[in-house]
Structure formats: C-alpha cells, structure tokens
Amino acid sequence: ADIDGPKLGLQVAALRAEGLRVDSMICDVRDAASVESLAERVSARGGFGKLAHIVGLSPGMADWREIVKVNLIGPALVTQALLPLVR
C-alpha cells in the first residue's frame with residue numbers, strides 16, 4: 001500500500017519480478033477511511049503475518065502538522081485497524 005500510485009506500481013512490479021505474489025492498493029495513512037479500506041482488504045484475504053510500516057516525513061519535507069499526521073497519527077491508525085488481523 002502506498003499513497004503514490006505510480007511508485008506503488010513500480011514496487012509491485014519489482015516484487016513480482018522476484019517471484020513474489022503481491023496485492024496492492026493506494027492508501028493514505030492520514031485518513032481513517034483509507035486505512036479502514038486497507039484493513040477490509042487484508043481481512044478479506046485472511047489476515048497477515050508480517051507488516052512493515054515504512055512511512056515518514058522529515059522536517060524538510062513538510063510542515064509540523066503534516067509530519068504529525070504522517071509520522072504519528074498514520075501509524076496509530078494502521079496499528080488500530082490491522083492489529084486484529086494478525087495471524
């Protein structure tokens with residue numbers, strides 16, 4: 001999952017080229033509804049075993065409000081939505 005569709009497509013292609021089975025979707029971790037859609041999709045596939053939540057902004061990338069949304073609120077929303085789906 002990524003907010004950037006073209007970048008996500010490149011990553012999916014690279015993982016598939018390595019022989020991995022990959023499913024993807026656009027997700028904005030700042031938005032509870034977007035994260036809930038991700039959780040619904042994960043749930044429909046039976047949950048998950050591992051999660052790498054790699055997202056973040058540095059001070060040079062955005063103002064403090066956006067950094068808090070992405071670096072603090074985003075991980076909290078993802079954890080809240082996905083924790084019940086861990087196998």
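Partly exposed means a relative accessible area between the buried limit, under 20%, and the exposed limit, over 50%. Keep that scale in mind for this tour of a predicted model. The topic is salt bridges, and the structure holds 4 of them.

**Stop 1: Asp23.** Select Asp23. Its relative accessibility is 41%, so Asp23 counts as partly exposed. Asp23 sits in the loop between helix 1 and helix 2.

**Stop 2: Arg41.** Arg41 and Asp23 form a salt bridge, with their closest N and O atoms 2.9 Å apart. The pair links distant parts of the chain, 18 residues apart. Arg41 belongs to helix 2, residues 32-44, while helix 1 covers 5-17. Arg41 has 28% relative accessibility and therefore counts as partly exposed.

Keep the three residues on screen. What links Asp23, Arg41 and Arg45? A network of salt bridges joins them.

**Stop 3: Asp28 and Arg30.** Clear the selection, then pick Asp28 and Arg30. Their side chains meet in a salt bridge, 2.8 Å from N to O. Is Arg30 buried, partly exposed or exposed? Arg30 has a relative accessible area of 32%, so it is partly exposed.

Technical notes: Residues are numbered from 1 along each chain as its sequence is written. This is a predicted model: local features need pLDDT of at least 70, side-chain atom pairs count only at pLDDT 80 or more; totals for chains, interfaces and linings use all residues. Side-chain values use heavy atoms; hydrogens and water are left out. Helices (H or I, at least four residues) and strands (E, at least two) are DSSP runs, numbered from the N terminus. Buried means under 20% relative accessible area, exposed over 50%, partly exposed in between (1.4 Å probe, protein chains only).
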